[in-house]
Amino acid sequence: VRLRKDLAKLVALERVSRVATVGRDGQPHVVPVCHVVADGRLYFATGRDSLKVRHLRARPNLALIVDVYAEDWRLLKGVLIQGSAALIERGPRFRKIRDLLYRKYTQYPGESAIGERDSVMVEITPRHVTSWGFGER
């Protein structure tokens with residue numbers, strides 16, 4: 001599933017999204033992440049030993065939401081992406097995504113460097129997209 005242009009633009013511009021995973025025990029886990037969009041997929045970095053990674057190794061499905069809040073609720077917008085995840089643990093693809101993250105989030109290199117020894121990239125392939133606040137289509 002490809003994101004419509006208007007949805008892709010919102011997702012690419014927003015700085016924070018929330019990712020939900022589920023572990024073997026069925027317990028959900030939702031956390032904020034800093035994401036990038038490239039070639040129709042979404043990516044974020046996380047610690048190699050994080051709960052997200054443990055969940056995704058057991059069940060490679062997740063949901064990611066990007067939303068914009070406004071006090072005027074007529075202006076609310078959001079995109080929910082459900083999809084499958086692949087872990088990129090090292091190599092040229094890892095470094096390419098790291099470069100994209102470093103460009104979008106200039107704090108990353110100094111505050112939370114992403115290394116191949118301690119981090120992984122999560123690649124999200126969208127399977128289902130739901131949106132609101134973009135008018136009738």
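This is a predicted model: local features need pLDDT of at least 70, side-chain atom pairs count only at pLDDT 80 or more; totals for chains, interfaces and linings use all residues.
Residues are numbered from 1 along each chain as its sequence is written, and side-chain values use heavy atoms, with hydrogens and water left out. Local features need pLDDT of at least 70 and side-chain atom pairs count only at pLDDT 80 or more, while totals for chains, interfaces and linings use all residues.

**Exercise 1. Find which residues of helix α3 are buried and what they pack against.**

Step 1. Helices are DSSP runs of H or I with at least four residues, strands are runs of E with at least two, and both are numbered from the N terminus. Helix α3 spans residues 92-104, 13 residues in total. From first C-alpha to last it reaches 19 Å, close to the 18 Å expected at 1.5 Å a residue; the expected span is 1.5 Å times one less than the number of residues.

Step 2. Buried means under 20% relative accessible area, exposed over 50%, and partly exposed in between (1.4 Å probe, protein chains only). By this rule Phe94, Ile97, Arg98, Leu100, Leu101 and Lys104 are the buried residues of α3. They sit on the same side of α3 because they cover an arc of only 160° around its axis; the arc is taken from the directions from the helix axis to the C-beta atoms. Pro92 and Arg103, on the other side of α3, are exposed.

Step 3. Contact means heavy atoms within 4.5 Å. The buried residues of α3 pack against α1 (5-13), β3 (35-38), β4 (41-47), β6 (77-88), α4 (108-111) and β7 (119-132).

**Exercise 2. Trace the strand pairing from β5 through β6 and β7 to β4.**

Step 1. Two strands pair if DSSP finds at least two bridges between them. Strand β5 (residues 61-68) runs antiparallel to β6, joined by 8 bridges. Asn61 stands opposite Ser84 in β6.

Step 2. β6 pairs with β7 in the antiparallel sense over 11 bridges. Here Leu87 faces Val122, and Ala86 faces Glu123.

Step 3. β7 also pairs with β4, antiparallel, over 6 bridges. Gly47 has Ser119 in β7 as its bridge partner.

**Exercise 3. Describe the nonpolar cores.**

Step 1. A nonpolar core is a set of buried Ala, Val, Leu, Ile, Met, Phe, Trp, Tyr and Cys residues joined through side-chain atoms within 4.5 Å. The largest has 19 residues, and those with the most contacts inside it are Val11, Leu62, Leu64, Val79, Ile81, Val122 and Ile124.

Step 2. At least two residues of this core come from each of α1, β2 (28-33), β4, β5, β6 and β7.

Step 3. A second, separate core has 13 residues, including Val36, Ala45, Leu100 and Tyr108.

**Exercise 4. What is the phi of Asp39, and where is Asp39 found?**

Step 1. Asp39 is in the loop between β3 and β4.

Step 2. Its phi is positive, about 55°, although Asp39 is not a glycine. Most residues other than glycine have a negative phi.

Step 3. Asp39 counts as exposed because its relative accessibility is 64%.
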